[in-house]
Structure formats: structure tokens, C-alpha cells
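Subject: Structure for you to look at

Hello,

Here is the structure I said I would pass on. Please open it first; my notes on what was found follow below.

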Amino acid sequence: MLAQSSLQLAGERVVRCIDYRIGELERPRWLGAASLFELELERGGRIFVRPSGTEPKLKLYAHARHDVTRRSDFARDLAEGRRRAAEQLRALETALQL
């Protein structure tokens, strides 16, 4: 596997990789072992990868973080967060050759 510092998705560095199949004793009890892999991104976003429970395929989920204030244009910021999440998912699909 690539060193975490060299792995990037859509221009954003991956700062931490978590394999939820191991290390469940160090996590809260409600977050036990699971077939789940998390990539934490430098701006606070996260990408989750898990196998489907019923089909032979992977499920990909993106959590984008975007700071807002009382004066923010919420609709514009929401659209930007969704755009970034979609871009990161496409970058992961390309990297995994899906």
C-alpha cells in the first residue's frame, strides 16, 4: 500500500486510513469490528468503502466538510460540498479501476 502522505484523491491528501476490521478494542463498544475502510482527507472529508451485503460489489460513501457561517450562501456551499464529494468518489473509482 502507498504511504498515507503520498496518497491523494482529487488533489486532497489522505491523512489517515482506518481498517474497521481490526482495532475494535480501542474504539467505543458501539463501533465494533466491521468490513469497512475509511480514508480521512486533509480538509476534514472522509471516504468510506465497504462490500455490499447482497451483491458482489463495493459501496462507496463520501462525507464532505465545508465551513459555513451565518452569512454563508447555504445553497451554494451545499452544492460545493456535493461537488467535492462526487469528485473525490470519482477519483477513488479511477484509482481502484472500477
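Where is the place of glutamate 80? Glutamate 80 sits in helix α1. Before going further, please note that this is a predicted model, and what follows should be read with that in mind.

With a relative accessible area of 25%, glutamate 80 is partly exposed.

Overall layout

The protein has 1 helix and 5 strands. Read from the N terminus on, the order of the elements is β-β-β-β-β-α. Along the principal axes, the C-alpha atoms fill a box of roughly 40 × 35 × 30 Å. There are 98 residues in the protein, and 24% of them count as buried. The accessible surface comes to about 7300 Å², and carbon and sulfur atoms hold 52% of that surface. Among contacts with a separation of 6 or more, 32% are between residues 24 or more positions apart.

The helix

Helix α1 covers residues 74–95, which is 22 residues. From its first C-alpha to its last α1 reaches 31 Å, close to the 32 Å expected at 1.5 Å a residue.

Which residues of α1 are buried? They are Asp77, Gly81, Arg84, Ala85, Gln88, Leu89 and Leu92. Seen down the axis of α1, these buried residues fall within an arc of 135 degrees, so they line one face of the helix. The background is simple: an α-helix has 3.6 residues a turn, so residues three or four places apart point the same way.

What does the buried side of α1 pack against? Its buried residues pack against β1 (8–9), β2 (12–19), β3 (37–41), β4 (46–51) and β5 (58–63). The face of α1 turned away from that buried side carries the exposed residues Ala75, Arg76, Arg82 and Thr94.

Aspartate 77 lies in helix α1 and has a relative accessible area of 8%. Since the limit for buried is under 20%, aspartate 77 counts as buried. Leaving out residues up to four places away in sequence, aspartate 77 touches His66, Asp67, Val68 and Ser72.

After the helix

Glutamine 97 follows α1 and has a positive phi, near 55 degrees. Leucine 96 is also in the segment after α1, and leucine 96 is partly exposed at a relative accessible area of 41%. Together with Leu58 and Leu98, Leu96 makes a nonpolar surface patch of about 290 Å².

Salt bridges

How many salt bridges does a search of the whole structure find? The search finds 9 salt bridges. Among them are the following.

- Arginine 43 and glutamate 12: their side chains meet at 3.4 Å, N to O. Arginine 43 is in the loop between β3 and β4 and glutamate 12 is in strand β2, so the pair ties together parts that are 31 residues apart in sequence. Arginine 43 is partly exposed, with a relative accessible area of 45%, whereas glutamate 12 is buried, with a relative accessible area of 1%.
- Aspartate 19 and arginine 21: the closest N and O atoms of this salt bridge are 2.6 Å apart. Aspartate 19 counts as buried at 19% relative accessibility, while arginine 21 is exposed at 55%.
- Arginine 46 and glutamate 38: this salt bridge has a distance of 3.9 Å, N to O. Arginine 46 is partly exposed at a relative accessible area of 29%, and glutamate 38 is buried at 3%.

Which residues do salt bridges with shared partners join into one network? Glu80, Arg83 and Glu87 are joined in this way. That brings these notes back to glutamate 80, the residue in helix α1 with which they began.

Regards

Note on methods
Residues are numbered from 1 along each chain as its sequence is written. This is a predicted model: local features need pLDDT of at least 70, side-chain atom pairs count only at pLDDT 80 or more; totals for chains, interfaces and linings use all residues. Side-chain values use heavy atoms; hydrogens and water are left out. Helices (H or I, at least four residues) and strands (E, at least two) are DSSP runs, numbered from the N terminus. The expected span of a helix is 1.5 Å times one less than its number of residues. Buried means under 20% relative accessible area, exposed over 50%, partly exposed in between (1.4 Å probe, protein chains only). The arc is that of the directions from the helix axis to the C-beta atoms. Contact means heavy atoms within 4.5 Å. Patches are made of residues with over 30% relative accessible area and no salt bridge: like charges are joined within 9 Å, nonpolar side chains (Val, Leu, Ile, Met, Phe, Trp, Tyr) within 5 Å. Accessible areas come from the Shrake-Rupley method with a 1.4 Å probe; for residues, only the protein chains shown count as cover. A salt bridge is a side-chain nitrogen of Lys or Arg within 4 Å of a carboxyl oxygen of Asp or Glu.
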